[in-house]
Amino acid sequence: MIASLQILTESIKTGKRKEAKAATEAAIEANVPPEEILNALSSGMADVGRRFKANEIFVPEVLVAARAMQTSMALLEPLLVKSGIEPEHTVVIGTVEGDLHDIGKNLVAMMLKGANFKVVDLGTNVPADKIIEAVQQHNAQLTALSALLTTTMPAMQQAVEKIHEKNIPTKIMIGGAPITQEFANDIGADGYAADAASAVDVARQLVSAR
Ligand code: B1M
């Protein structure tokens, strides 16, 4: 592997934003194909996801890694678009109506971007109708809903029910501290993920099962 790609993977793993930026610039400068740069980034992020899942690292480390990755992705994105490497799947993500918590949702969004999903992030306090509008507009194969409050779990349920009522062809993944697999089953969501790393696995399973 080219030295700058090794440095890039390592700098994502360790969340070193400046090093990641420099290594990405060096790889671009050396005409390394964008998909190889993306693989180096994704491999760093996959390692972060594995260690997060195993409780070897925690939220702050994931956030710095994700920020380093975003810096590199911003440099890489125009090249990926030019070379026609489009993300295969689109996910619309948001925190449900009434809920302003977004740290976990942002982590999930970053991990999904790292796994080469196109992520449409609607932010927080998102009404069901706005979610549906975005899913239809972007033909999103996946809808990802986050809730951190027990009091906003009903809003999550309503959003899922509305998506079903309208027969919108999207899979629904839910998560957030008070959410459980049982709740997902009860409200008819297609998948539940307990953390950002598992969210990538669940998202991949859901879009490939369509
Ligand atoms: Co709030 N808050 N908060 N808060 N807050 C909690 C959630 C709470 C548990 C604190 C407590 O009382 N112990 C409690 C909820 C109690 C309950 O409902 N059972 C609470 C409350 C009550 C409130 C207010 C009502 C307080 C008030 O005003 N009286 C208020 C509500 C505002 C509103 O939303 N309408 C409020 C406000 C806030 C702040 C604005 C101050 C701030 C949010 C800032 C922000 O997000 N930008 C805040 C914070 C920071 C927290 C705590 C301390 C931390 C949440 C967090 O970011 N965790 C939280 C207590 C706690 O959790 N220890 C608390 C880190 C984050 C990485 O984890 O979000 O769980 P988490 O995400 C995880 C997983 O859940 C999962 O992956 C993430 C990464 O592993 N995940 C998904 C999340 N979304 C997912 C989606 C997926 C898959 C996985 O698929 C789609």
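A salt bridge here is a side-chain nitrogen of Lys or Arg within 4 Å of a carboxyl oxygen of Asp or Glu. By that rule, a search of the whole structure, which is a predicted model, returns 7 salt bridges. The chain is split into domain 1 (3-82) and domain 2 (90-208), and the ligand carries a cobalt atom with a single protein donor, His101.

**Domains and their interface**

- The C-alpha centres of domain 1 and domain 2 are 25 Å apart.
- Contact between the two involves 13 residues of domain 1 and 12 residues of domain 2.
- The size of an interface is often given as the accessible area lost when the parts come together.
- For domain 1 and domain 2 that area is about 1100 Å², and carbon and sulfur atoms account for 76% of it.
- On the domain 1 side, the residues that lose the most area to domain 2 are Phe52, Lys53 and Gln70, which together make up 35% of what that side buries.
- The rule finds 1 salt bridge across the interface of domain 1 and domain 2.
- It also finds 1 residue pair in polar contact across the interface, with both residues at pLDDT 80 or more.
- Two elements, α3 (34-53) and α4 (59-82), each give two or more residues to the side of domain 1 that touches domain 2.
- Helix α4 supplies the largest share of that side, with 7 residues.
- Lysine 53 forms a salt bridge with aspartate 201, and their closest N and O atoms are 2.5 Å apart.

**Salt bridge within one helix**

- Lysine 21 pairs with glutamate 25 in a salt bridge whose closest N and O atoms are 3.3 Å apart.
- Both residues belong to helix α2 (residues 17-29), and because they are 4 residues apart there, about one helical turn separates them.
- Lysine 21 is partly exposed, at a relative accessible area of 36%.
- Glutamate 25 is also partly exposed, with a relative accessible area of 36%.

**Salt bridges between elements**

- Side chains of opposite charge can pair when their charged atoms come close.
- Aspartate 121 and lysine 105 form a salt bridge, with the closest N and O atoms 3.0 Å apart.
- Aspartate 121 is partly exposed at 38% relative accessibility, whereas lysine 105 is buried, with a relative accessible area of 3%.
- Lysine 162 and aspartate 129 form another salt bridge, their closest N and O atoms being 2.9 Å apart.
- Because lysine 162 lies in helix α7 (residues 153-165) and aspartate 129 in helix α6 (residues 128-138), the pair joins parts that are 33 residues apart in sequence.
- Lysine 162 counts as partly exposed at 30% relative accessibility, and aspartate 129 counts as partly exposed at 44%.

**Salt-bridge network**

- Asp47, Arg50 and Arg51 are linked to one another in a network of salt bridges.

**Cobalt site**

- The single protein donor to the cobalt atom of the ligand is the NE2 atom of His101, 2.2 Å away.
- Histidine 101 is located in the loop between β1 (89-95) and α5.

Definitions and conventions: Residues are numbered from 1 along each chain as its sequence is written. This is a predicted model: local features need pLDDT of at least 70, side-chain atom pairs count only at pLDDT 80 or more; totals for chains, interfaces and linings use all residues. Side-chain values use heavy atoms; hydrogens and water are left out. Buried means under 20% relative accessible area, exposed over 50%, partly exposed in between (1.4 Å probe, protein chains only). Donors are N, O and S atoms within 2.8 Å of the metal (3.2 Å for Na, K and Ca); water is not among the atoms, so sites may look incomplete. Domain bounds come from an automatic or database domain assignment. Contact means heavy atoms within 4.5 Å. Buried area is the accessible area (1.4 Å probe) that two parts lose on being put together, summed over both. A polar contact is a pair of N or O atoms within 3.5 Å; within protein, one must be able to donate a hydrogen and the other to accept it, and residues adjacent in sequence count only if both atoms are side-chain atoms.
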